[in-house]
Amino acid sequence: MASIAEYYAGKNVLITGATGFMGKVLVEKLLRSCPEVKALYLLVRPKAGQSMQQRVSDMMTCKLFDRVREDNPDFHQKIIPISSELTQPGLAISPEDVEKLTGCIDIVFHCAATIRFDEPLKHALQLNVIATQQLLSLAKQMHHLEAFIHISTAYANCNRKHIDEVIYPPPVEPKKLIESLEWMDDGIVRDITPRLIGDRPNTYTYTKALAEFVVQQEQDKLNIAIIRPSIVGASWQEPFPGWIDNFNGPSGVFIAAGKGILRTMRANNDAVADLIPVDVVINLTLSAGWYTAVHKPKSALVYNCTTGGINPFHWGEIGRYTHHVMSSFKRNPLEQAFRRPNANITSNYLINQYWILVSHKFPALIYDLFLRLSGQKPQMMRIFNRLHKAISLLEYFSSQDWEWNSENLNMLMSQLTPEDRKTFNFDVRQLNWPEYIENYCIGTKKYVLNEDMSDIPAARQHLRKLRNIRYTFNTLLVVFIWRVFIARSQMARNIWYFVVSLCFKFLSYFRASSTLTN
Ligand SMILES: CCCCCCCCCCCCCCCCCCCC(=O)SCCNC(=O)CCNC(=O)[C@H](O)C(C)(C)COP(=O)(O)OP(=O)(O)OC[C@H]1O[C@@H](n2cnc3c(N)ncnc32)[C@H](O)[C@@H]1OP(=O)(O)O
Ligand SMILES: NC(=O)C1=CN([C@@H]2O[C@H](COP(=O)(O)OP(=O)(O)OC[C@H]3O[C@@H](n4cnc5c(N)ncnc54)[C@H](OP(=O)(O)O)[C@@H]3O)[C@@H](O)[C@H]2O)C=CC1
């Protein structure tokens with residue numbers, strides 16, 4: 001049987017979401033580990049004043065592609081951007097491009113989605129469900145299609161505690177929902193959204209569940225696999241450790257903590273923190289593509305791509321690793337930190353609220369006062385309000401526990417040759433969490449914030465300055481409180497005079513004894 005790289009040799013691959021975090025890693029890995037792949041067709045939209053060609057060219061100059069560039073400087077010739085806006089009818093693909101794609105595509109990877117937790121339902125439905133339906137229609141017209149791989153999320157069914165590798169009945173028939181929302185204005189949809197999403201926390205997980213159902217509907221006509229990653233983090237090994245390019249999920253939390261802004265967060269100590277490195281997800285995705293095309297399973301196979309059941313890491317353990325995160329950021333500080341990094345995780349709501357007041361809101365007020373007095377615009381309170389909004393959306397996932405079955409993932413691993421198991425490694429048993437978290441922190445500094453490692457001495461100097469400011473501030477605070485206190489209480493004054501006179505006595509005693517010995 002063909003190895004994975006042999007299977008992809010000569011194949012035309014269609015990818016949506018290629019400009020996104022996971023899409024980029026998928027493109028890179030395909031080019032690097034399957035060098036004989038014929039062409040990658042990327043559905044891309046113009047954005048922020050940049051044409052789709054410009055966006056794809058920029059993407060290929062990114063550091064992520066360094067290894068591919070070394071192996072094959074002409075790799076860009078294999079990349080064919082296709083203009084597409086997924087929220088438009090027919091995905092806004094020109095008739096010529098439709099003809100080209102239906103004639104040549106062998107395998108589709110559907111990564112595009114809105115992953116925002118606060119996305120209005122109509123837009124989330126449009127992109128995550130309707131666009132998926134339209135892509136499936138296009139896929140059905142493809143003459144040589146061998147596999148359709150859909151990227152979902154392990155949290156699509158987060159209203160359940162135990163999640164098997166099956167597609168659960170959808171919360172509502174997608175067709176009915178689409179028809180009903182069509183005539184409603186945005187205000188009505190906003191009002192009924194909480195009722196519709198029910199026991200799911202946001203429109204993202206809700207629409208991803210609907211999308212799975214929509215994909216399953218086509219399982220008789222297409223060879224389908226669904227990949228369900230949990231919380232996707234920086235790369236573990238490939239193309240180099242710690243690669244990450246966004247603020248989503250843990251990355252934003254690490255950065256906010258490293259900048260000394262985030263000092264407290266709520267998480268359930270006993271719950272699994274189900275992070276999964278992006279390279280693991282992509283290796284599994286490519287392997288599933290190969291398996292689906294070669295073995296053509298009778299129905300859509302779901303692969304839960306998680307770490308909790310295999311190599312668990314708990315939020316409670318983060319106490320240890322928080323030190324790890326913090327010590328990593330003390331060794332390799334982020335530039336222009338607001339305060340020295342020092343963050344705590346607690347499962348207690350009231351304790352968390354207390355620290356929010358003392359460690360977030362109070363320093364923000366003082367800093368904004370300082371900005372106002374020095375004629376600048378206050379900004380810290382605004383930053384904290386946004387941080388609190390983001391954290392409150394994440395806390396649903398850090399405060400609960402889920403259990404995912406991974407039988408299909410294990411079956412797939414057993415189907416791989418020893419060589420493929422190394423090249424497309426998705427075995428997380430070897431993942432060393434402290435080392436991974438350390439590389440993750442460094443990755444956020446280097447690749448998300450684009451900070452230069454050579455500026456670390458200046459960043460350390462800045463942290464020392466912050467420490468001195470803190471010591472001075474604390475000393476002044478103690479003196480101030482004490483002064484207020486002794487001004488009001490006779491007993492405090494008596495204690496104060498007693499302590500001061502004791503100090504003087506000791507001082508004169510030591511002075512006298514040192515004069516005698518001389
Ligand atoms: C205290 C202890 C420290 C120890 C570490 C402990 C780690 C705990 C980690 C806990 C994490 C739990 C994570 C659970 C995640 C569950 C994942 C479910 C899995 C999935 O299937 S999907 C993928 C996950 N999706 C997301 O993560 C998206 C979530 N984000 C959003 O929905 C929105 O971004 C959000 C939070 C609503 C905020 O929206 P908004 O205020 O409108 O801001 P923008 O996103 O538009 O960003 C504007 C602008 O700011 C930049 N940005 C964002 N975050 C930060 C940041 N932290 N610091 C600096 N800058 C930030 C962002 O890039 C934008 O910049 P532009 O230039 O692009 O405008
Ligand atoms: N990141 C995570 O933690 C997890 C992600 N997933 C799933 O993985 C997949 C990829 O996620 P990730 O890479 O993190 O997400 P990103 O937000 O980084 O990427 C989303 C991609 O979708 C594209 N896209 C969005 N809207 C449109 C549109 N209207 N037309 C064309 N393209 C569009 C984006 O293109 P553009 O650059 O033009 O905006 C981008 O390429 C998603 O399906 C997500 O649900 C699952 C579990 C966890």
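Visitor: Which glycine follows α10, and what is its phi like?
Guide: That's Gly260, and its phi is positive, near 80°. Keep in mind as we go that this is a predicted model.

Visitor: Which ligand shell does α10 give the most to?
Guide: The one around ligand 1, where α10 gives seven residues. There are 30 residues around ligand 1, and Thr153, Phe247, Asn248, Gly252 and Ala343 come nearest. The elements giving two or more residues to that shell are α10 (250-258), α12 (318-331) and α14.

Visitor: OK, ligand 2 then. How many residues surround it, and which are closest?
Guide: Ligand 2 has 28 residues around it, the closest being Gly17, Gly20, Ala112, Ala113 and Val232. Of the elements, α2 gives the most, with three residues.

Visitor: And how does the shell around ligand 2 divide by class?
Guide: Into 13 nonpolar, eleven polar and four charged residues.

Visitor: You mentioned β8. What sits in the loop between β8 and α10?
Guide: Pro239 is in that loop. The peptide bond from Glu238 to Pro239 is cis, with omega near -10°. As background, most peptide bonds are trans, and most residues other than glycine have a negative phi.

Visitor: Which residues other than glycine have a positive phi, then?
Guide: Ala92 is one of them, with phi near 55°. Asn450 is another, with phi near 50°.

Visitor: Where are Ala92 and Asn450 in the fold?
Guide: Ala92 is in the loop between β3 (79-83) and α5 (95-104). Asn450 lies in the loop between α17 (433-448) and α18 (456-488).

Visitor: Why does Ala92 count as partly exposed?
Guide: Because Ala92 has 15 C-beta neighbours inside 10 Å, and partly exposed is what falls between the cut-offs of 12 or fewer for exposed and 20 or more for buried. Asn450 has 9 such neighbours, so Asn450 counts as exposed.

Visitor: Switching to helix packing. How do α6 and α9 sit against each other?
Guide: Helix α6 (residues 121-140) and helix α9 (residues 203-216) pack at an angle of about 20°, with their axes 9 Å apart. That makes α6 roughly parallel to α9, because angles under 35 degrees count that way. The crossing of the α6 and α9 pair is right-handed.

Visitor: Which residues make that contact between α6 and α9?
Guide: From α6 it's Leu121, Ala124, Leu125, Asn128, Val129, Thr132, Gln133 and Leu136. From α9 it's Thr203, Tyr204, Thr207, Lys208, Leu210, Ala211, Val214 and Val215. By class, that gives ten nonpolar, five polar and one charged residues.

Visitor: And how does α6 pack with α7?
Guide: The angle between α6 and helix α7 (residues 174-183) is about 140°, with axes 11 Å apart. The two are therefore oblique to each other. The crossing of α6 and α7 is left-handed.

Visitor: Which residues meet there?
Guide: Lys122, Leu125, Val129 and Ile130 in α6 meet Pro174, Leu177, Ile178 and Leu181 in α7. By class, the α6 and α7 contact has seven nonpolar, no polar and one charged residues.

Visitor: One more residue: where's Gln376, and is it buried or exposed?
Guide: Gln376 is found in the loop between α13 (349-373) and α14 (380-398). Gln376 is exposed, with 10 other C-beta atoms within 10 Å. Gln376 and Thr205 are 171 residues apart in sequence and 41 Å apart in space, C-alpha to C-alpha.

Visitor: Last thing, the whole chain. How many helices and strands, and what box do the C-alpha atoms fill?
Guide: The protein chain comes to 19 helices and 13 strands. Its C-alpha atoms fill a box of roughly 100 × 55 × 45 Å along the principal axes. Of its 518 residues, 39% count as buried.

Notes: Residues are numbered from 1 along each chain as its sequence is written. Chains are lettered from A and ligands numbered from 1 in the order in which they are written. This is a predicted model: local features need pLDDT of at least 70, side-chain atom pairs count only at pLDDT 80 or more; totals for chains, interfaces and linings use all residues. A residue is near a molecule or strand if its C-beta atom, placed from the backbone, lies within 6 Å of it. Helices (H or I, at least four residues) and strands (E, at least two) are DSSP runs, numbered from the N terminus. Ala, Val, Leu, Ile, Met, Phe, Trp, Tyr, Cys and Pro count as nonpolar, Asp, Glu, Lys and Arg as charged, and the others, Gly among them, as polar. Axes are lines fitted to C-alpha atoms, for helices over the stretch in contact, and angles run from 0 to 180 degrees between N-to-C directions. Angles under 35 degrees count as roughly parallel, over 145 as roughly antiparallel, 65 to 115 as roughly perpendicular and the rest as oblique. A crossing is left-handed if the near helix is turned anticlockwise from the far one by less than a right angle, and right-handed if clockwise. Two residues are in contact if their C-beta atoms, placed from the backbone, lie within 7 Å.
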